[in-house]
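Visitor: I would like to learn how to read a metal site and the backbone around it. Could you take me through one case?

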Amino acid sequence: MKADPFVQLRLLDLQALDSGLARLAHRRRTLPELAEMVRLDGLVEGLRDAVVRAETALSDLTREQDRFEREIEQVRARKSRDEERMASGAVNNPKQLQDMEHEVATLTRRQSDLEDGELEVMERVEAVQAELDELVARRTGYLAEREAAEQRRDDAFADIDDESARSTHERAEMAATFPADLLALYDKIRAAEGGVGAGAIERGRCGGCRLDLMNNEKSEVRAAGVEDVLRHEECGRIMVRTAESGL
Ligand SMILES: [Zn+2]
């Protein structure tokens, strides 16, 4: 293939734009914020089971406390009914009065036991609630950090996308000025060779793969016509001759 040496030189400008676009795409894929968000998602996820456990325990304990309160209320009501009847003088039978006194004493003990039980449950409620509060606070912190990371990611995406759009436009305009066959060859090599289709020969070295040219390759380059499009046998890329080629 042949191409005007100035056109060949401009391949290096095209390569610079393509490399810049590849760097932007790489930066977009590897933003630290992406890893940070994954890390925070993991932390939130890791808290999920513990939060569910604490919430379940809390709701069980709250039900238990309600049961105690209902029972205490029943005992208290029955006791005050008995006490009122005894105080009213409606019960004259000594045996019956004695039975009632006995019942009141039993109810008083029962109430005290129930109140002790309720107190114990309330202490457990307090402990589980504190644990749940702590878990929720941690989760809230992680979610806030994640949101901040997401915002930074979106800002970075916006910057990268702006720059990519500008470079893509510039690249399209520049590409349109190349002969179709040379552009097609360059694009084909670039796609196959990790994004690099052409490189300058610099101080006897291929700019595409950074390998020094062998003496016989240098001789071939020197012997080639200025319009010949040269390719490095080692890497297949287009080699562009410049003033710094050192041949
Ligand atoms: Zn090479």
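**Reading the metal site**

Guide: The site of the zinc ion is tetrahedral, with angles of 98 to 118 degrees among its 4 donor atoms; four donors count as tetrahedral if all angles lie between 85 and 135 degrees. This is a predicted model, in which local features need pLDDT of at least 70 and side-chain atom pairs count only at pLDDT 80 or more, while totals for chains, interfaces and linings use all residues. Residues are numbered from 1 along each chain as its sequence is written, and side-chain values use heavy atoms, with hydrogens and water left out.

Visitor: Which residues coordinate the zinc ion?

Guide: Donors are N, O and S atoms within 2.8 Å of the metal (3.2 Å for Na, K and Ca), and sites may look incomplete because water is not among the atoms. Here Cys206 (SG), Cys209 (SG), His232 (ND1) and Cys235 (SG) coordinate the zinc ion at 2.1 to 2.3 Å, and their spacing in sequence is C-x2-C-x22-H-x2-C. Cys209 lies in the loop between strand 2 (205–206) and helix 5 (215–223), and Cys235 in the loop between strand 3 (230–231) and strand 4 (238–240), so the pair ties together parts that are 26 residues apart in sequence. Helices (H or I, at least four residues) and strands (E, at least two) are DSSP runs, numbered from the N terminus.

Visitor: Is Cys235 buried or exposed?

Guide: Buried means under 20% relative accessible area, exposed over 50%, and partly exposed in between (1.4 Å probe, protein chains only). Cys235, at 11%, counts as buried, whereas Cys209, at 23%, counts as partly exposed.

Visitor: What phi does Arg210 have?

Guide: Most residues other than glycine have a negative phi. Arg210, although not a glycine, has a positive phi of about 65 degrees, and it lies in the loop between strand 2 and helix 5.

Key:
Four donors count as tetrahedral if all angles lie between 85 and 135 degrees; four count as square planar and six as octahedral if opposite donors are over 155 degrees apart and all others between 65 and 115; anything else is irregular.
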